[in-house]
Amino acid sequence: MDFDRIKEKLSILADAAKYDVSCSSSGSKRKNTNKGLGDSSGMGICHSFTQDGRCISLLKILLTNHCIFDCAYCVTRKSNDIKRAAFKVQEVVDLTISFYRRNYIEGLFLSSGIFKSPDHTMERLIRVAKKLREEENFNGYIHLKSIPGASDELMREAGLYADRLSVNIEIPTKSGLKLLAPDKNHEDFMKPMEKVKNEIIQYKQESKLIKSTPKYAPAGQSTQMIVGATGESDRDIMYSSAFFYKKYNMKRVYYSGYVPVSNDPRLPSLGSAVPMLRENRLYQTDWLMRFYGFDIRELLNNDFQFLDMDIDPKLSWALRNRHLFPVDINRAEKQMILRIPGIGLKSANKIIQARKFRKLTWGHLSRIGIASNRAKYFITCASREMELKDISSEDLKQIILKNSTSKFRKDLSPQLSLF
Amino acid sequence: MKEVVLKYDGSFKGFLTCIFQAYEQKLKVVEIVPAGEDQQQLFSQTEEVTTEELKALRVLKALQKKTSKNGFTRIKWAFLSEAPGIEMKLYEVIKYVFASKQEVDKDYSHPAVLYITDIAKQVGREKHRMEAFVRFRLTRDDIYFAIIEPDFNVLPIILKHFRSRYADQKWLIYDIRRKFGLYYNLQDTEYVSMELPEDMGISGANPEYFEEGEIYFQKLWKEYFDSTNIKSRVNMRLHVQHVPKRYWKYLSEKSPFA
């Protein structure tokens, strides 16, 4: 192995892959049954974290950053003057195995610029995955990118070796896509998603009848949307997201605050801030939708198109729906407890378990670990009730903000910072 | 009833034997301490408890019957925390479990149960961190080798994870704080104890012990770590929250050698 050459390629092709935020390695059921290398049946593991605080779980690289497309938002677009490189199939295999054996990673996330044709590119990606599974006996996690425009036949084959497949929709609306990636077609993104979804369903049904049916993309598929590159509202973004979850059984939709990579007048200029707070609020909304039983239309709708930046979306919803509160912690159903600001999934479960034994008081609740600075205004328990009925939502919001500290406070302050 | 302090050998079985003895002889236990540690109580009598497999097993079975699967795991993990006084907290929980008709290991309004739950969570977190942050280095005799120094005694509970993952390579994880390691020889895992040369280091790849290419893979990994970072989003506070500084010594991407 020529380490210096590999090192240079790694630096170029990891750098180009980093804007894909997904690094999840969970949700697969691939066990190490053949005394081979690796096991991805457990929960995902973050083996390190970048300085920007994101999990490093997979070796995330492009096979090549040569690309025939010229999408304005993308750093590897054809017209961008950057260093180009390409890995050989065997080089990616060796790198993955050597890193995995040292416990650096959970597996490989392989994407690629599109060279020659979508089919040609997809075929190369599959070759890497196939080699890992068949020659190296590798049971670790493999995430492959579905290349828009690749044939159905190749998409079917990809799922036989990969744990997860993803196509990044990148731009949440059709009009935005037309503006920024005129040579790409909205339908080209949907087609592989549809194909993978149908294959997953079919393989699942067959495996009920025939136990030896091979696994097909056991960790499902995911997609990503760039936030803040075009003028979409939070409502537009989250409605698209809800659509993908429903229509294509997505396991995850990722939101990626746009990092300026070009001086294109259609896009935020170089040096403008990455909308990280907005990204965070979108993820919170995503969680409310997937785990807390909220319908997206409750959180965002025609009257309410943008999320509050200064408070979390659950608190924001609760302040708009004061008539549903206070909730009696000792009697309410779980789905209502989950809707109380400051109570998460874990605390909700603990409350449900603990209240079987005795009536819960403020003392119990704070020891269980709820965020009482928010929750206390929305609940009653076995202790004396809070007298807050007459406070308006706007005042209540101010009280809560005053009594809590947010790590985002500096981004919200209307005052200019002097230093 | 006489007040006694029980002294045991520090093992989980030893601890369970103490529980058996406490019930069998109807003792009023005021402290349970591992051998080597001094007791705090001045006016009570000390009894040395000899670990007995059968007695321990009886307590274990009874506990399993009266707790949920997770509740039982929490008891074991809390024990591995080696926190001072953890034995009495566990004894308190076990008494509560045996005295109640229903399954009470999820009664989070009971102080001792909640305490055990929190400690078990800390142990679980340390277990997970070791599974994540252990960095193997390939030695000249073809063993993937890692040194750890965990806050809690997690080696027994990370065994399964590493065995199912690295079934086709020899590996050794050594806890230098507790002076024992776990070795997998392609068939079984066994606990081993050894003297490690001083200059082997927790990171780096001293060519006296490590395979020739080892240092290059550490360098490649560091290159990857640096290249995958988005500089316009740097957030060191979050970074350190995820990877607390006391774990940096394990990580080749943070190592001055790579």
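Tutor: Let's call two residues in contact if their C-beta atoms, placed from the backbone, lie within 7 Å. Bear in mind that this is a predicted model, where local features need pLDDT of at least 70, side-chain atom pairs count only at pLDDT 80 or more, and totals for chains, interfaces and linings use all residues. Residues are numbered from 1 along each chain as its sequence is written, while chains are lettered from A and ligands numbered from 1 in the order in which they are written.

I'll take chain B. Among its contacts between residues at least 6 apart in sequence, 67% join residues at least 24 apart. The C-alpha trace of chain B spans about 65 × 45 × 35 Å along its principal axes. Of the 258 residues in chain B, 37% are buried (20 or more other C-beta atoms within 10 Å of a residue's own, with C-beta atoms placed from the backbone). There are eight helices and eight strands in chain B (DSSP runs numbered from the N terminus: H or I of at least four residues for helices, E of at least two for strands).

S1(B) pairs with strand S2 (residues 28-34) of chain B in the parallel sense, over six bridges (two strands pair if DSSP finds at least two bridges between them). To find your place in that pairing, look for Glu3(B), which stands opposite Lys28(B) in S2(B). Now follow the chain between these two strands: together with helix H1 (residues 12-24) of chain B, S1(B) and S2(B) make a right-handed β-α-β unit (with the strands pointing away from the viewer, the path from the first strand over the helix to the second runs clockwise).

S1(B) has another parallel partner to look at: four bridges join S1(B) to strand S3 (residues 45-48) of chain B. In that pairing Lys7(B) stands opposite Glu48(B) in S3(B). So far, then, S1(B) runs parallel both to S2(B) and to S3(B).

Further along comes an open sheet of five strands in chain B, in the order S4-S5-S6-S7-S8, and its pairing is mixed. Strand S4 (137-138) and strand S8 (189-192) of chain B sit at the edges; each has a single partner strand, so one side of each is left without a neighbour in the sheet. For S8(B), look at strand S7 (residues 180-184) of chain B: S7(B) and S8(B) run antiparallel and are joined by four bridges. There, Tyr184(B) stands opposite Thr189(B) in S8(B).

Last stop is where chain B meets chain A. That contact takes 39 residues from chain B and 44 residues from chain A. On the chain B side, the elements that give two or more residues are helix H5 (111-133), helix H6 (155-165), helix H7 (214-227) and helix H8 (236-242) of chain B. Of these, H7(B) gives the most, with nine residues. Sorted by class, the chain B side has 19 nonpolar, ten polar and ten charged residues (Ala, Val, Leu, Ile, Met, Phe, Trp, Tyr, Cys and Pro are nonpolar, Asp, Glu, Lys and Arg charged, and the others, Gly among them, polar).

Terms used
A residue is buried if 20 or more other C-beta atoms lie within 10 Å of its own, exposed if 12 or fewer, and partly exposed in between; C-beta atoms are placed from the backbone.
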